[in-house]
Amino acid sequence: MNFLAHIYLSNNLKNVAIGNFIADGIRGKQYLKYSKEIQIGILLHREIDTFTDAHPIFRQSTKKLHKNYGHYSGIIVDIFYDHFLAKNWTTYSKIPLAIFVQDFYQLLEENFHILPQKTQHMVPFMMQHNWLLNYAHVQGIQQVLNGMNKRTGYKSNMHLATTELLEHYSKFELEFTSFFEELRIFAAQALTRLLANYSFK
């Protein structure tokens, strides 16, 4: 899953959300230098990614992209799924997406000094272009894919993937809806376990 889903699955726990957000930039046991709740967020992120990558519905989505995008297919589906989460946000949260996103941006600003260097470099661009809110629109997804293609040295052709998104839009959305129900249950259980067994040792 991509940024919005990871933040959402942190269950409105601020430090857990920070950890969940920065986890891709934290290697191995580097997470141990952070506070306990941020550590939990990082570990939760890793469990979510493992669950997602192995799930048959997620793999069904990636199969539509393998021919043209190879090993980048999973990254693209992560972004597609964030689109459907943003688009259908009111199904999953009583907090309006614009407010949820703005609150998270404020949280990042307040904790900017503890973010990994790469994340510090990315966050201003994220906020300037309001990635999380714009995920709700195909044009916003296009902008994200344009940026991802640039970061891969223009080798991934990820900027072209909105073609498949629009071609299989209903199928992708149905797959997301089915998968996300299972992921929400898994993530809630994983977070409860991590909080109980890890946080306050």
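Predicted model: local features only at pLDDT ≥ 70, side-chain atom pairs only at ≥ 80, totals over all residues.
**Entry 1: helices H4 and H13**

The axes of H4 and H13 come within 9 Å and cross at roughly 155°. Angles over 145 degrees count as roughly antiparallel, and I therefore recorded H4 and H13 as roughly antiparallel to each other. I also noted that the crossing of H4 past H13 is left-handed.

Next I asked which residues make the contact between H4 and H13. From H4, I listed Ile 57, Gln 60 and Ser 61. From H13, I listed Phe 172, Glu 175, Ser 178, Phe 179 and Glu 182.

**Entry 2: His 55**

I then looked up His 55, which lies in the loop between helix H3 (36-54) and helix H4 (56-63). Is His 55 buried or exposed? Its relative accessibility is 8%.

I searched for the partners of its side chain. The side chain of His 55 reaches the backbone nitrogen of Ile 57 at 3.1 Å. A polar contact of 2.7 Å links the side chain of His 55 to that of Glu 182. Leaving aside neighbours within four places in sequence, I found His 55 in contact with Phe 179 and Glu 182.

**Entry 3: the nonpolar core**

Finally, I turned to the largest nonpolar core, which has 68 residues. Leu 132 and Phe 180 touch the most other members. Helix H13 (residues 169-197) gives the most to this core, with 10 residues. Not counting residues up to four places away in sequence, I noted that Leu 132 touches several residues, among them Phe 3, Leu 97, Phe 104 and Met 126.

Technical notes
Residues numbered from 1 in each chain as written. Heavy atoms only, no water. Core = buried A, V, L, I, M, F, W, Y, C linked by side-chain atoms within 4.5 Å. Buried < 20%, exposed > 50% of the residue type's maximum accessible area, 1.4 Å probe, protein only. Helix = DSSP H or I, 4+ residues; strand = E, 2+ residues; numbered from the N terminus. Contact = heavy atoms within 4.5 Å. Polar contact = N/O pair within 3.5 Å; in protein donor to acceptor, adjacent residues only side chain to side chain. Axes fitted to C-alpha atoms, helices over the stretch in contact; angles between N-to-C directions. Parallel < 35°, antiparallel > 145°, perpendicular 65-115°, else oblique. Left-handed = near helix turned anticlockwise from the far one by under 90°.
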